[in-house]
Amino acid sequence: MAAPSEAGERRPFGRRLLTDPARLFQHNAWDNVEWSEEQEASAKSKVQENSSQLLPQEKQEEYEMNAKKYWDDFYKIHENGFFKDRHWLFTEFPELAPNRNSSQNGDSLHEFSNIEESNNEGLGRCEDGHCSLETRTESQLNLTESLPGGRIEELAAQKDSELSQSGGDYPGSAASYRILEVGCGAGNTVFPILQTNNDPGLFVYCCDFSTTAVDLVQNNAEYDTSRCFAFVHDLCNDQSPFPMPEESLDIVILIFVLSAILPEKMQCIVTRLSRLLKPGGMILLRDYGRYDLAQLRFKKGQCLSDNFYVRGDGTRVYFFTQDELDHLFTTAGLEKIQNLVDRRLQVNRGKQMTMYRVWIQCKYCKPTAPQP
């Protein structure tokens, strides 16, 4: 394992030991650690072992058929308390805050994201690819029965806007900078963008497979329909319409989303999303990398196919390589700007645990001129 760099050094994916005195006793974290040959061989061996027994085909079809229900249940249980707001995005993805001065960026991505991960791990158990929180009481889960009076009309207007795009009048049509987050969950990326980016021309779209997740976004006090539009969308259904026309978006965000999709459907989804980008627009991705701790913790009988697993709550997750993601994006006609692996070591001294996380971060751009 590589030694950490000096505490004050800050660079993308640089090795840095977090030295906040309030957290040092419980958690240390290093970024971009180097794995030994023995460690990589051990990880491969664990994956071979936990993928040696695949779920029967009928069970796999059942998980695919009920995917929406499993994600709805996830958000009903955890509401918006599972993930922390991702303010670190502006360090790694400054495209999300184009008017933000570099001096405003604050601490590095890794300090924010390590705190986020540590908080989640400390609140519950980290297993099957999720860091779980305690289940909320039944009275806290009745989200759809306590919607504001105008929600029915809002949903009707939303559907109309999705179905009538040819006239050029659609949510955010007057905006000069448009961002779409796919798989928005409870809004932990969307709301930091709205809070941080003061550009009057900004409009943020966000969608999720889960109706419960979109309800959480729409009922958040920060939700502003003049700057944001949240809608339910099934990425796997290529007939499911988007509320904006093709070549209208500057940014598409995919944060731990593509990994939840059936692998054979990923290419169609990436290609369809690429058509929404303006020339020069970008897809920004951060997702699970091969041999992440979550992959190594799966047991026999949870594997669906190579590097694709089902968690105990019925949600699914894939673990990528850089080459796989590069192939998906370049096949969709996009050009590579960034494709990096972040191997991170987190140490919980209180629990005497070491956790090796592996994430991949990508930026791919739509060419400004037609490709030959």
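**Close-up views of a predicted model**

**View 1. N307 sits in the loop between β9 and β10**. Strand and helix names here follow DSSP runs (E, at least two residues, for strands; H or I, at least four, for helices), numbered from the N terminus. Phi of N307 is near 65 degrees, a positive value even though the residue is not a glycine. N307 counts as buried because its relative accessibility is 11%; the cut-offs are under 20% relative accessible area for buried, over 50% for exposed, and partly exposed in between, using a 1.4 Å probe and protein chains only.

A word on the model: it is predicted, so local features need pLDDT of at least 70 and side-chain atom pairs count only at pLDDT 80 or more, while totals for chains, interfaces and linings use all residues. Residue numbers start from 1 along each chain as its sequence is written, and side-chain values rest on heavy atoms, with hydrogens and water left out.

**View 2. Three strands form an open antiparallel sheet, in the order β9-β10-β11**. The edges belong to β9 (303-305) and β11 (316-318), each of which has a single partner strand, so one side of each lacks a neighbour in the sheet. On average, neighbouring strands here are turned by 30 degrees against each other, direction ignored; axes are lines fitted to C-alpha atoms (for helices, over the stretch in contact), and angles between N-to-C directions run from 0 to 180 degrees. Strand β10 (residues 308-310) and β11 run antiparallel and share three bridges, where pairing takes at least two bridges found by DSSP. Look for Y309, which stands opposite V317 in β11.

**View 3. F298 and F319 belong to the structure's 12 aromatic pairs**. Their ring centres are 6.3 Å apart and their planes stand at 70 degrees, so this pair is edge-to-face. Rings of Phe, Tyr and Trp (its six-membered ring) pair when their centres lie within 6.5 Å; planes under 30 degrees apart are stacked, over 60 edge-to-face, and the rest tilted. Zoom out a bit and ring pairs link F256, Y288, F298, Y309, F319 and W359 into a cluster.

**View 4. Helix α2 spans residues 37-50**. Its 14 residues reach 20 Å from first C-alpha to last, close to the 20 Å expected at 1.5 Å a residue (that is, 1.5 Å times one less than the number of residues). Q39, A43, V47 and N50 of α2 are buried. Down the axis of α2, the buried residues fall within an arc of 75 degrees, so they line one face of the helix; the arc is taken from the directions running from the helix axis to the C-beta atoms. Turned away from that buried side are the exposed E37, E38 and Q48.

**View 5. Strand β7 (residues 249-255) is mostly covered, with seven of its seven residues buried**. Strand β4 (residues 177-182) runs parallel to β7, joined by four bridges, and E181 has I253 of β7 as its bridge partner. Strand β8 (residues 277-288) also pairs with β7 in the parallel sense, over six bridges; here I255 is partnered by R286 in β8. In the loop between β6 (228-232) and β7 you'll find E247, a non-glycine with a positive phi of about 55 degrees.
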